[in-house]
Amino acid sequence: MTAPTIWIISPLIVAVLLFFLRRNQVLSAIIAMFFTLSLVILAWQLEIDTVTIIGPWVIKVNPQLIVAGRSFVIPPAQQPFLILFFGMLTFWFGGLLVIPILPIFTSVALAIGAIFIAALAVQPFLYAALLIEIAVLLSVVILSPTDKPVNRGVMRYLIYQTLGMLFILIAGWALGGIEARGENMDNIIRAAIFLGFGFAFLLAVFPLHTWIPMLTEHAHPYIAAFILSILLSMVAFFSLNFIERYPWLQESLNIFRTLRFIGATTILIAGIWATFQRHLGRIMGFALMLEVGRILLTISLSQESAALNIGLFIPRVLSVAVWALALALIDARTGSLRFRDVQGIARRFPILGVGLIFGQFSFAGIPLLAGFPIYNILWGQLAEIGWWLIVVSLLGSFGLTISALRSLAVLVMGPAELPWPKDEKSSLTSRIFLLIGIIALFLIGIFPQLFYLPFLQTGIGALFP
Amino acid sequence: MDIGALAPFIVGLLAVTAAVLFISRDWRLSISALGAQYVGVLLLIALSWPFELAVIKLVAGWIAAAILGMSLIEQHHAWGDELGHHFSGSLFRIFIAGLMGLAMLSLAPEISQWAVHASSEQILGSLILTSFGLLHLGFTVQPDRIILGLLTVLSGFEIIYATMETSLLVNAFLAVINLGIALVGAYLLIKPTAESGS
């Protein structure tokens, strides 16, 4: 038994089986929930590369699986992340119990989750670019359902991600050549340019960001949020691997300074643009773009970037899940997420409105919510580097907060005589799910030490003295 | 047979097929050009790889072309003829394609300084396909044409990348990606093509 078999191959097999259950969304969602939960338990209980005795069985999980001469390795240090990742997937699949969605979503989402872990595990790690592209191709199918016109944002997403993969592959070759033949400034600059273009395309850095708001405007909000949050996380970890693998890139070109500048610009643009949006889906798109900027700033910190990156993953996925669930439920009731179509919706469905606003506030880094503790650490670290970084980061969050307040104003706007929860018809299950999400946002925000405790091994614990 | 002796003609074939893909208004002609393009890709890759390994590229490419072709037989009304009935549109594209071809001719010697394992024909063929594919992507919003553009860019990339990387797994992944793009194209062809705004 190998770790990649458990956490990569078995989800892929279950994803294929779920494809045949696509007609029954609730059943496939329940199976996916229980399956991912069992993977969480396995990651918690089994010890990779150590003999584990469970009852009469003696199990040793080998960390490595070799396929066509290349290996997939899941070291024991990654176990806390596996718990976190599959736990998040369980939450996302839980949302499918309350929202009508594309039938094949469960199957494709589980496959994309497995590819994510494969991208982290593959050696040499450059092959992750190819796996990311395969995940992108799968995601196009769920982002563009057959009953809706082809959205230009999806096409741009496909083009940019494909071009990004090509640049990364060439950059990997160029970097390998530099290692083999020795450092030469021309070669280093060339490799850095390829690498820069590759990550600019993959991470949708300004000005290559246009597809994100287009996607979140036209695609199903729950699907778009899932794909974007997973993809951004995947590319973030991939970028970190690059920086760790080639430390001389930083020494030769001071690449962190460039990353800081690009990250800060992306945050500022996203914050400003978010302020002026009149579509709830597009606001979420700009919030995710803001997250891209945060990822770049995190990578540029060098010292704690790996721990901070995992730290950012937790509020990102949870906040966006709550936000997207609320958006999907609102969309199912109004058929549109434009401001003029959702006016007063929070008076009829208060919990949906609360979920949407708190998800947004958490993303903006408002205190007591899940995003704040980790953003606070990030801002603290940035302040040590330069005052302008903290000012720009806070301006981005301020823009998102303004957009959240505008959304709130629109959601509670309505005829004066309409009493508050008079027409609340959202199902009990959907309210329970949203409430669980909202409570989790507060719990992580108020007691970050307790929540991050299981992930001490990744170094996050050191960030919360 | 010495494929190296045929290399200049193969580059010519690639230039013609890429230009046809860029200019063509007929989907049958475009799919035929795509199929022919993969023959050129095979021959240029075979300069660096054993022929039996290079054939993977041809097989994957032809399957991709077949997938798109079969979808277009069913959904030929979905083909995006963006040039309309005016000759000026085609003429403009021919002019741009010519300019791009000249630019690539001048760029090829520069590339050969760092792509040391690639022959000049491989570099030129790769640059022509990549640049024409990018042109195609820049000129269209039609999903079917975008897929053709992506496949062309990927073909150009694969020629130069074959001189750098011979790993079986990487090439299996690239073949899967080629087929995946074609399948996504076939999937998008069965959908309404109207853009719902930006």
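In this predicted model, strand 3 of chain A is joined to strand 4 of chain A, residues 70-73, by four bridges, and the two strands run antiparallel. One of the residue pairings sets A:I66 against A:S71, its bridge partner in strand 4 of chain A. Strand 3 and strand 4 of chain A form a hairpin with two residues between the strands. In that hairpin, A:A68 takes a positive phi near 50°.

Chain A contributes 27 residues to the contact and chain B contributes 30 residues. On the side of chain A that touches chain B, the elements that give two or more residues are helix 5 (128-143), helix 6 (152-181) and helix 8 (211-218) of chain A. Of these, helix 6 of chain A gives the most, with eight residues. By residue class, the side of chain A that touches chain B divides into 17 nonpolar, six polar and four charged residues.

Methods. Residues are numbered from 1 along each chain as its sequence is written. Chains are lettered from A and ligands numbered from 1 in the order in which they are written. This is a predicted model: local features need pLDDT of at least 70, side-chain atom pairs count only at pLDDT 80 or more; totals for chains, interfaces and linings use all residues. Two residues are in contact if their C-beta atoms, placed from the backbone, lie within 7 Å. Ala, Val, Leu, Ile, Met, Phe, Trp, Tyr, Cys and Pro count as nonpolar, Asp, Glu, Lys and Arg as charged, and the others, Gly among them, as polar. Two strands pair if DSSP finds at least two bridges between them.
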